[in-house]
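Subject: Handing over a structure, with notes

Dear colleague,

I am passing on to you the structure shown just below, and my notes on what was found in it follow. Please read them with the sequence open beside you.

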Amino acid sequence: MAEILKGAPVAAAINEKTSAKIAELAEKGIRPCLAVLRVGLNEADESYIRGIMKRAEALGVEAQVRALPEDAAEDEVLSLMEELNEDKNVHGVLMMRPLPKHIDEDKVRRALKPEKDMDGITDVALGGVFSGNNIGYAPCTAQSCIEILDHYGVDLKGKKVCVIGRSLVIGKPVSMMALGKNATVTICHSRTENLAETVKNADVVIAAVGKAGFVTADMLREGQKVIDVGINVNAKGKLCGDVDFAAAENIVSAVTPVPGGVGAVTTAVLMCHLVDAAGK
Ligand code: NAP
């Protein structure tokens, strides 16, 4: 049976370090403050924001939700972003995405000051991930995958890593981060040929597709470590990842669960970014 790489112990270890930094900042009279910018109501955002507020309270940092209605004009969103950029009491901004379709998300994303970009959405932050120069903060979910591998002692040096998905939120940044750890990385996407063979050949598989049960038993082999980023609802209405977990746990050597895997680490990474930004 595979080792189950739970997210909770990883998050707890990150939170412990974050707490220590918060105490140091408190001595200097600094209380980190996160602004969550949201436009409209998205059910999936609700639970993420609830988790952020709960974690912020537990850590003793401030988190405020700055909400605009679904039909807010692009200018309104841009001026709120500007306000948050200029507010010296706000150290970090998390923009919930996607924005409603009538708003040019790229324009709003580019309006955010890179030093307040907590989730690696600006080109500067993404550039830092690609250059390896640590300018800005990486996308939290991508970083969470690496935090899990680090926590459980999975050394990527020289290993074949297969990332399924090439989004700017997960696939591309996590690929660059794995490359930075000296892995040999293959990125698969919807036009990839022989995907099953590529996945099976990998030592570490990171699945970020967004399709329930996409990674099936025939793509897996003994000894692999599998990070399942997907958050999907299956035919039975149950939350599940991109990997056929029941099959995977009988084949591979380690796998993250969904829920309770990558998703459980994201908020801890976000708070770690916030505290770092507040200290600068
Ligand atoms: P996305 O932007 O939709 O990207 C999905 C990627 O999967 C794309 O690169 C796409 O390829 C690829 N893909 C789709 N169908 C494929 C196929 N048949 N074969 C191979 N590749 C295929 O999604 P995302 O934002 O990266 O999110 C991915 C998953 O992670 C979703 O389930 C999302 O809910 C979940 N997620 C989890 C967390 C967390 O905290 N755990 C956070 C954010 C997102 P193309 O580029 O060729 O279209």
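This is a predicted model: local features need pLDDT of at least 70, side-chain atom pairs count only at pLDDT 80 or more; totals for chains, interfaces and linings use all residues.

Residues are numbered from 1 along each chain as its sequence is written, and side-chain values use heavy atoms, with hydrogens and water left out.

I begin with the ligand. The residues that surround the ligand number 20, and the closest are Arg166, Ser167, Ser190, Gly210 and Lys211; a residue is taken as near a molecule or strand if one of its heavy atoms lies within 4 Å of it. Sorted by class, this shell holds eight nonpolar, ten polar and two charged residues, where Ala, Val, Leu, Ile, Met, Phe, Trp, Tyr, Cys and Pro count as nonpolar, Asp, Glu, Lys and Arg as charged, and the others, Gly among them, as polar.

Arg166 places a polar side-chain atom 2.7 Å from an oxygen atom of the ligand, and the side chain of Lys211 has an N or O atom 3.0 Å from a nitrogen atom of the ligand. With Val229 it is a backbone N or O atom that lies 3.3 Å from a ligand nitrogen atom. On its own the ligand has 930 Å² of accessible area, and the protein covers 69% of that; such areas come from the Shrake-Rupley method with a 1.4 Å probe, and for residues only the protein chains shown count as cover.

Next, the cysteines. A disulfide is a covalent bond between the sulfur atoms of two cysteines. In these notes a disulfide is a pair of cysteine sulfur atoms within 2.5 Å, and a search of the whole structure finds zero of them. Cys33 is in no disulfide, the nearest cysteine sulfur being that of Cys140 at 16 Å, and Cys33 is buried at a relative accessible area of 1%. Cys140 is likewise in no disulfide, with the sulfur of Cys272 the nearest at 9.0 Å, and Cys140 is buried with a relative accessible area of 0%.

Arg38 is found in strand E2, residues 33-39, where helices (H or I, at least four residues) and strands (E, at least two) are DSSP runs numbered from the N terminus. Although charged by class, Arg38 counts as buried at 7% relative accessibility. The side chain of Arg38 makes a polar contact of 3.1 Å with the side chain of Glu46; a polar contact is a pair of N or O atoms within 3.5 Å, and within protein one must be able to donate a hydrogen and the other to accept it, residues adjacent in sequence counting only if both atoms are side-chain atoms.

Leu34 is also found in strand E2 and is buried, at 0% relative accessibility. Beyond four places in sequence, Leu34 touches residues including Ile52, Val93, Met118 and Leu270, contact meaning heavy atoms within 4.5 Å. Val77, in helix H3 (residues 74-86), is buried at 0% relative accessibility too. Setting aside neighbours within four places, Val77 is in contact with Leu37, Val39, Leu68, Ala72, Ile103 and Val108.

Finally, some backbone details. A cis peptide bond, with omega about 0 degrees, joins Arg97 and Pro98, and Pro98 lies in the loop between strand E4 (92-95) and helix H4 (105-111). Another cis peptide bond, also with omega about 0 degrees, joins Val258 and Pro259. Asn134, which is not a glycine, has a positive phi of about 55 degrees; Asn134 sits in the loop between helix H5 (123-131) and helix H6 (140-151) and counts as exposed at 68% relative accessibility.

Methods: Buried means under 20% relative accessible area, exposed over 50%, partly exposed in between (1.4 Å probe, protein chains only).
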